[in-house]
Amino acid sequence: MTAPAIPHFRATIIGTGFGGILMGIKLRAAGIEDFIILEKAADLGGTWRDNTYPGAACDVQSHLYSYSFEPKPDWNHKFAHQDEINGYIHHCAGKYGVLPHIRFRTELYSARFDERDNRWHLRTGDGKALTTDILIAATGQLNKPLFPAIDGRDAFKGEAFHSARWNHDHDLAGKRVAVIGTGASAIQFVPEILPKVASLALFQRSAPWVIRKPDRAFRRWEKKLFAALPLLERLYRAFLYCSYESRALAFTRFKWLLEPWTWAVKRRIRRDVRDPQKRDALVPDYKIGCKRILLSNDWYPAMDDDRLDLVTDPVVRIEADAVVTRHGNRHTVDTIIYGTGFRATEFLSPIHITGRNSRELADVWKDGAEAYKGIVVNGFPNLFIVYGPNTNLGHNSIIYMLESQAAYIMDCIHALDQRPGTALDVKPERQQAFLDQVQASMQRSVWAAGCTSWYVDDNGRNPINWPGFTFSYRRQTKQADLGDFEILGPQQTESTP
């Protein structure tokens, strides 16, 4: 009996967040229909599908946190809420014909590059095989919840969950709740759940810098005006972009520009929090900007609530009904919510990716993830990463970066279309020169101020952020230079003309 043919596709995308849907839209716009998108979940949306905790919202303004080619004049708030952003992604996937290309409940288990045919040989979690010429990873940086390594975590007999896997069936009314972590998610959900609970013990390892969020609902006449005058919406978007982009100067060059925010935050703490001990504990002990700056108008008023116990003593273990701190204090609770963020530095994990000469990407990245322009990695031809290493931002909209990366990837695909059967492998010296430049720039940034954050991996490197202006990144990714690549024919390597 003849074995069934293995399905082959021109391109395969992993993930259906903003990056994956964007790449699907760009492929279709280029006339490429022979592609699929693998999605391990039952629905699309990525981060905005997963994070449904109370108060979930964006910290970049709505009109900038959307595709440049698909404006939405009727955003409800200046900073959109989770459900509206998720709805926007669904709208774009439907409007631009991407939905039929998605394979839901299909997780990629492994990808192996075969130099004999210049194809990626893929295997999904259910054991099915397929091949693809081009592999585009759009898994993002915030898709794997991080649970802290605390002794006895599994011994807890109450309800426990991560904020990115919120249990909406669990009623928090009247419960004694522990929240471990004070990051971006906790900043949003703690003030939302506090009025419902009997008590809330908030375990803080280090205090965040929380600045005012200039949020409000858009008025009906504003939405109508944006819809009637698309140019006005474009100008508003451009204004937002320039406003955000100017902050790059403070993050990457002139750190002293952040000091007015330091003063403003301390003033808010003095105004909103009565308890002197809480006040002292809420003032961070590191330079503002070294960790992610958070936005909220109700965080410090929530800290002043008598039902909230701010605990700065480190957690050492969890028991069946309590969280125990270093000095032996037992905090009896019914529910534990982990607001401990994501394993952001573990790019593409746990997919097993094997490139040329049987090199494993996990081994290549054992000392930290790195990629040329955050998109391509030497030794892994025709693998393109969306939202890859050193392309996160501390000051502007990631959508702008995604669109820059999409343009670069499509330029590479056009080059491959003109050379059927070939593959592009970035030259190691070009990749290293780029990485040296990025890390040198990083040393001048506020992120190198000495704090411990999710931006920094176990080796002390920052593989997350882009240490510069977004327009400079766009300039670097506007067009692919084939001189940066080896052009590989099947079973051979050709020098670039």
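Biologist: Which helix holds Leu232?

Modeller: The model is predicted: local features need pLDDT of at least 70, side-chain atom pairs count only at pLDDT 80 or more, and totals for chains, interfaces and linings use all residues. Residues are numbered from 1 along each chain as its sequence is written, and side-chain values use heavy atoms, with hydrogens and water left out. Helices (DSSP runs of H or I, at least four residues) and strands (E, at least two) are numbered from the N terminus. Leu232 falls in the run of residues 230-245, which is helix α6.

Biologist: Is Leu232 buried, partly exposed or exposed?

Modeller: Buried means under 20% relative accessible area and exposed over 50%, with partly exposed in between (1.4 Å probe, protein chains only). The relative accessibility of Leu232 is 32%, so Leu232 counts as partly exposed.

Biologist: How much accessible area does the nonpolar patch of Trp221, Leu225, Leu229 and Leu232 have together?

Modeller: Patches take residues with over 30% relative accessible area and no salt bridge, joining like charges within 9 Å and nonpolar side chains (Val, Leu, Ile, Met, Phe, Trp, Tyr) within 5 Å. A salt bridge is a side-chain nitrogen of Lys or Arg within 4 Å of a carboxyl oxygen of Asp or Glu. Areas come from the Shrake-Rupley method with a 1.4 Å probe, and for residues only the protein chains shown count as cover. Trp221, Leu225, Leu229 and Leu232 lie on the surface and together have about 370 Å².

Biologist: Which side chain makes a polar contact with the side chain of Thr132?

Modeller: Thr132 sits in strand β6 and is buried because its relative accessible area is 0%. A polar contact is a pair of N or O atoms within 3.5 Å; within protein, one must be able to donate a hydrogen and the other to accept it, and residues adjacent in sequence count only if both atoms are side-chain atoms. A polar atom of the Thr132 side chain lies 3.2 Å from the backbone oxygen of Phe9. The side-chain partner, at 3.1 Å, is Thr12.

Biologist: How many residues apart are Asp417 and Arg10?

Modeller: The salt-bridge count comes to 29. One of them joins Asp417 and Arg10, whose closest N and O atoms are 2.6 Å apart. Asp417 is in helix α12 and Arg10 in strand β1 (residues 8-14), so the pair links distant parts of the chain, with a separation of 407 residues.

Biologist: Is Asp484 buried or exposed?

Modeller: Asp484 meets Arg430 in a salt bridge of 2.5 Å, N to O. Arg430 is in helix α13 (residues 428-443), while Asp484 is in the loop between α14 (470-477) and β20 (485-489). With 5% relative accessibility, Asp484 counts as buried.

Biologist: What is phi of Asn357?

Modeller: Most residues other than glycine have a negative phi. Asn357 lies in the loop between β17 (352-354) and α11 (361-364), and it is exposed because its relative accessibility is 62%. Its phi is positive, near 55°.
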